[in-house]
Amino acid sequence: MATYDVIVIGAGPGGYVCAIRCAQLGLKTACVEGRETLGGTCLNVGCIPSKAMLHASEMYHEAHAHFDEMGLVGAKPSVDLPKMLTYKQSTVDTNTKGIEFLFKKNKVDWLKGWGTLAGKGQVKVGGEIHQAKHIVIATGSEAATLPGIEVDEERVVTSTGALELSKVPKRMTVIGAGVIGLELGSVYARLGSEVTVVEFLDHITPGMDGEVQKTVQRMLKKQGLTFVMGAAVQSVEKLKSKLKVTYKSRKDNAETTLDADVVLVATGRRPYTDGLGLAEAGVEMTDRGMIKTDAHLRTNIDSIWALGDVVAGPMLAHKAEDEGMAVAESIAGQKGHVNYNVIPGVIYTAPEVATVGQTEEQLKDEGRKYKTGKFPFMGNARAKSHFAGDGFVKILADAETDRILGAHIIGPMAGDLIHEICVAMEFGAAAEDLARTCHAHPTFSEAVREAALACGDGAIHA
Ligand code: FAD
Ligand code: NAI
């Protein structure tokens with residue numbers, strides 16, 4: 001029986017970061033992972049492969065949309081999907097092997113197999129019992145499919161199957177206009193599929209700023225995606241030559257049928273805790289199937305911690321990573337802390353969408369007095385030269401103190417631009433602090449400064 005200070009179950013971004021940080025803080029650490037490769041959902045079937053497919057399909061679109069205009073002439077590229085999948089897989093492999101290297105470098109033992117809680121301070125992996133002073137559960141999430149709709153990962157797929165399709169479908173129906181639906185819907189629309197997104201609510205990307213929701217939907221429509229809003233999918237019938245998707249309008253209960261070659265079910269994810277033995281160990285769960293923790297990510301059982309997608313909060317890799325570091329620090333006797341008010345969210349469509357902090361709707365609900373500084377990318381020289389003038393930066397600041405409360409960006413590199421606002425928020429900055437910071441010209445980030453200026457005496461280029 002091996003004895004550790006910490007055993008982490010699950011090697012996704014939450015688990016592997018926690019394990020590495022524990023080892024860096026001098027704790028003898030092991031990480032249990034049942035998959036063949038490390039990195040969890042994110043590296044194997046999530047963030048990384050989806051971004052590779054988004055990048056490749058965006059390059060393809062760019063070559064057709066703008067190359068000619070920039071004087072780049074010649075034969076236009078065509079799509080070789082199997083080759084694109086090879087590129088995607090090689091991106092995944094380099095990253096998962098990278099984590100293996102980091103485990104070795106930091107002396108984290110990888111216990112290969114599925115772990116089960118096996119009594120106080122014990123984890124069973126493949127018939128062997130390992131002892132630890134602390135156990136961290138970081139077992140992630142799985143796709144939440146719809147009742148009555150049978151996923152086969154070939155014709156009716158979750159994101160995992162959608163990242164492995166053998167050919168570009170002629171017609172794709174996406175159920176759910178959330179992050180996965182919009183990202184993978186964009187990939188296949190660019191590669192030539194007719195994509196129809198069926199969404200239960202009357203708006204896309206629930207929880208995002210309303211103005212952002214409307215603008216993104218308009219932009220994606222322009223890119224060829226069709227949206228059916230306020231509709232609940234009833235069934236997907238598998239015929240030999242096609243799939244028949246039936247949905248019901250929430251307004252008048254009218255039923256409509258759509259034909260598709262592939263259906264992507266993208267209706268959210270749920271925590272994954274199968275086979276862990278949580279009930280036997282007495283670990284408390286929430287009504288929504290998540291592991292219940294206190295503010296420091298401790299469960300009700302002494303020395304068992306939980307983090308990432310398996311606990312409350314946004315299901316995001318960077319949130320899981322931050323929690324991984326915080327738990328490691330708490331176990332090591334330091335003051336682990338996650339600032340949940342400053343967790344950015346990014347949708348990697350083209351243009352990207354990035355948001356942090358509060359939305360206008362939330363501020364209105366709270367009755368808070370705020371001001372809005374907005375700047376369109378049309379006023380940004382760099383964006384215009386990149387055919388990326390669509391979109392805007394919007395900064396919301398307290399009406400009296402000028403402190404930044406939230407920011408919402410649609411535009412080029414939005415996922416990177418958001419971070420200067422995150423740093424500013426972490427430091428409790430006012431919009432004026434951003435506005436007075438010199439920004440290099442010509443950069444996309446000047447649009448952030450201009451939005452900050454617009455919170456005060458006004459933007460220059462709008
Ligand atoms: P996971 O990454 O799910 O890892 C958990 C690991 O635990 C898995 O490898 C699993 O095999 C293992 N495990 C489970 N049970 C056991 C057991 N009993 N024993 C041993 N091992 C076990 N987030 C972003 O921030 N940015 C993105 O761009 C992004 N893109 C995404 C795209 C897609 C298509 C999907 C599906 C998700 C995406 N996400 C993205 C979400 C992100 O992947 C998750 O939030 C993140 O992976 C959660 O990390 P985690 O460590 O909590 O769990
Ligand atoms: P989601 O929660 O973002 O969106 C699901 C959508 O499906 C919602 O709009 C919901 O209203 C809709 N829906 C639910 N039931 C429906 C039904 N019966 N019919 C029609 N629509 C229905 O979930 P998604 O897109 O599956 O993503 C799962 C998680 O993965 C998210 O929490 C997200 O944070 C994470 N993720 C993050 C990415 C990123 O950060 N770029 C990329 C991809 C995933």
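Author: In β22, G411 is the bridge partner of E352. The model is predicted, so local features need pLDDT of at least 70 and side-chain atom pairs pLDDT 80 or more, while totals for chains, interfaces and linings use all residues. Residues are numbered from 1 along each chain as written, chains are lettered from A and ligands numbered from 1 in written order, and side-chain values use heavy atoms, without hydrogens and water.

Reader: What makes β19 and β22 a pair?

Author: Strands (DSSP runs of E, at least two residues, numbered from the N terminus) pair if DSSP finds at least two bridges between them. Strand β19 (352–357) and strand β22 (404–411) have 6 bridges, in the antiparallel sense, so they meet the definition.

Reader: Why do β18 and β20 count as edges?

Author: The open sheet runs β18-β19-β22-β21-β20. β18 and β20 each have a single partner strand, so one side of each lacks a neighbour in the sheet.

Reader: How do you know that E183 makes a polar contact with ligand 2?

Author: A polar contact is a pair of N or O atoms within 3.5 Å; within protein, one must be able to donate a hydrogen and the other to accept it, and residues adjacent in sequence count only through two side-chain atoms. A polar side-chain atom of E183 lies 2.8 Å from a nitrogen atom of ligand 2, so the pair qualifies. For I180, a backbone N or O atom is 2.9 Å from an oxygen atom of ligand 2.

Notes
Helix = DSSP H or I, 4+ residues; strand = E, 2+ residues; numbered from the N terminus.
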